[in-house]
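Confidence and the database record come along the way.

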Amino acid sequence: MSVVVIDGSTVRDFVEDEDHFNKSIDERFAALDLNKDGVLSRSELRKACEDLQVLETHFGVGPASSQEEITKLYDEIFDNFDCDKNGTIEIEEFRSEMKKIMLAIADGLGSSPITMVLEDGEENLLKQAVDLELSKLHEAST
Ligand SMILES: [Ca+2]
Ligand SMILES: [Ca+2]
């Protein structure tokens, strides 16, 4: 377990480093594409949200929410990603929406850092943002 401090500029630098960001997103996409058909289906996105506890952390949905409410939220999330409304999420759609989400997180954080506790082996995008910043700091100091 490690504790990291993260603020808006950490996240923003990560998103704006396009090569790095796209690589992370591509890896994430591949991991979520459970049946390896190159696109994300509704159920694959739902699985991803469940794993990340997106609803609990970002939408204030607790255990008391009904299944109907939860399904509706997943539909809304899916529609946000599925720009061309063809019923699947392509890699380009995933990249652009993840970018928006990360920038929104960056704006939300602003210049007031938050402390995150990360489990060992946990691979999430915020952690990757921190890793990138640390590697840059390291380069700068050598
Ligand atoms: Ca798929
Ligand atoms: Ca689509």
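Predicted model: local features only at pLDDT ≥ 70, side-chain atom pairs only at ≥ 80, totals over all residues.

For the make-up of a span I counted helices as DSSP runs of H or I with at least four residues, and strands as E runs of at least two. With that in hand I took residues 69-104, whose span is 75% helix and 0% strand. I found 24 Å between the C-alpha atoms at its two ends.

I noted a mean pLDDT of 85 for the protein, with 88% of its residues at 70 or more. Among the elements, I found the lowest mean pLDDT, 60, in helix H4 (residues 54-58). Helix H2 (residues 18-32) has the highest, 94.

I then turned to H1 and H6. How do the axes of H1 and H6 cross? I read a crossing of roughly 155 degrees between helix H1 (residues 8-16) and helix H6 (residues 91-109), with the axes coming within 7 Å. I logged the crossing of H1 and H6 as left-handed. From H1, the contact takes Gly-8, Val-11, Arg-12 and Val-15. From H6, it takes Lys-99, Met-102, Leu-103, Ile-105, Ala-106, Asp-107 and Leu-109. I sorted the residues of this H1 and H6 contact by class: seven are nonpolar, one is polar and three are charged.

H6 also packs on H2, and I put the angle at about 120 degrees with the axes 10 Å apart. I therefore wrote down H2 and H6 as oblique to each other. Their crossing is right-handed. I listed Asn-22, Ile-25, Asp-26 and Phe-29 on the H2 side, and Ile-91, Phe-94, Arg-95 and Met-98 on the H6 side. By class, I have five nonpolar, one polar and two charged residues in the contact of H2 with H6.

Last, I looked up H1 against helix H7 (residues 125-141), and found an angle of about 90 degrees with axes 9 Å apart. That makes H1 roughly perpendicular to H7. Which residues make the contact of H1 and H7? I listed Thr-10, Val-11, Asp-13 and Phe-14 from H1, with Leu-126, Gln-128, Ala-129, Val-130, Leu-132 and Glu-133 from H7. I divided the residues of the contact of H1 with H7 into six nonpolar, two polar and two charged.

Key. Residues numbered from 1 in each chain as written. Chains lettered and ligands numbered in written order. Axes fitted to C-alpha atoms, helices over the stretch in contact; angles between N-to-C directions. Left-handed = near helix turned anticlockwise from the far one by under 90°. Contact = placed C-beta atoms within 7 Å. Nonpolar A, V, L, I, M, F, W, Y, C, P; charged D, E, K, R; others polar. pLDDT = per-residue confidence, 0-100. Parallel < 35°, antiparallel > 145°, perpendicular 65-115°, else oblique.
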